[in-house]
Amino acid sequence: MRREWFDPFKSDVEVVFAAAEQLVQNYPEPMSEHALEQIHLVNPLLRDSGHSYIGYIIPLWMQLSDGLPQAKAHRLSTACLMHMLYFLNQDEVMDERPADATLKLSLGNLYYMDALSAYSELFHPSSPFWTYFRQYVEDWALSVTGEHSIDYFNRSPLLIAQKAAPLQLGAAGSLLLLEQGHRIPSVCSAVNIALMTLQMTDDFTDTKQDAVHGNYNSFLSHISAALEHHYPAHPVSECVHDNVYNTQFMNSYVDIARQYNMILTSSNLGIPHLEAFNSYLCSILGQAVQNIEQHKKMLLQGGFHYWMSEQHHGS
């Protein structure tokens, strides 16, 4: 299936990742080697890297939709990629407490320096860019520190996008380079919807893992609210665990994403690739629910039928 939001930009993405690789080759060893490995892990041209495209692809989209000059789009996209890598490492250390936390935090600071350097080449110190920069980082900081006490998704689904607020810099920066700063509120509101949908798809996939680690999860929030369980203040109850694959809860969760997708697609922002990306995420989420439903039906039909089906899929 052709991905309109990605396939036409493969050559641009190749340039951006090559630029990022060039930057990390200047890191001291063994940092350089680890950084190259990490860049390869998130490079969608090398492997399926999840849905982290939104962290760097918006300036590339705005080449096509708004005429952002290619050199500036590539430079801003590279800066956003380095910045995204910094936040990926921060999030992993906070969420998973990995054994190599020291390495990840150290490497993150090198990414951060390169991101700042690239941003500084594009934006004058007096540019409004730095006001947005500060605001988005503050939003991120408030979000990650409040996750263990505030049920963001229950308050408003869009609040879960705050954890990814710095990823809006690609849109804000592109519009400032185009001297269209007046569009930032409307475009970033739309980007926020995509960031929310992205978080919803990740949370649905990681529900059981997040329950074990005690990480905030919007699907667990959705179930907890329906069952009047106080989340995330109290540990996830057995009742919530037992309802993870409840058809009604899964479908109503997908419906939330689809409702916001309708808001985005009817906003006429002139960034069709953003709309296509969010619609794609909604379809991924819907497909994940369908797959679970199919699996449940097979189990209900009996062991032999399930075994035959597994054999068929495995062959």
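User: Leaving aside its neighbours within four places in sequence, which residues is Ile 54 in contact with?

Analyst: Happy to start there. This is a predicted model, in which local features need pLDDT of at least 70, side-chain atom pairs count only at pLDDT 80 or more, and totals for chains, interfaces and linings use all residues. Residues are numbered from 1 along each chain as its sequence is written, and side-chain values use heavy atoms, with hydrogens and water left out. With contact meaning heavy atoms within 4.5 Å, the partners of Ile 54 are Trp 61, Leu 167, Ala 194, Leu 195, Leu 198, Leu 274 and Phe 277.

User: How many residues does the largest nonpolar core have?

Analyst: A nonpolar core is a set of buried Ala, Val, Leu, Ile, Met, Phe, Trp, Tyr and Cys residues joined through side-chain atoms within 4.5 Å. Buried means under 20% relative accessible area, exposed over 50%, and partly exposed in between (1.4 Å probe, protein chains only). Ile 54 and Trp 61 have the most contacts inside the largest core, whose residues number 97.

User: Which helix gives the largest share of this core?

Analyst: Helices (H or I, at least four residues) and strands (E, at least two) are DSSP runs, numbered from the N terminus. The chain has 15 helices and zero strands. The largest share of the core is 12 residues, and these come from residues 184-205, helix H9.

User: Is helix H11 mostly covered or mostly uncovered, and how many of its residues are buried?

Analyst: H11 spans residues 218-226 and is mostly covered. Its cover includes H7, H9, H10, H12 and H13. Among its buried residues are Phe 219, Leu 220 and His 222.

User: Where is Pro 232 found?

Analyst: The peptide bond from Tyr 231 to Pro 232 is cis, with omega near 0°. Glu 228 is found in the loop between H11 and H12, and Glu 228 has a positive phi of about 60° although it is not a glycine. As for Pro 232, its place is the loop between H11 and H12.

User: Is Arg 97 buried or exposed, and what is its relative accessible area?

Analyst: Arg 97 lies in the loop between helix H4 (70-96) and helix H5 (101-122). Although not a glycine, Arg 97 has a positive phi of about 50°. This residue is exposed, and its relative accessible area is 61%.
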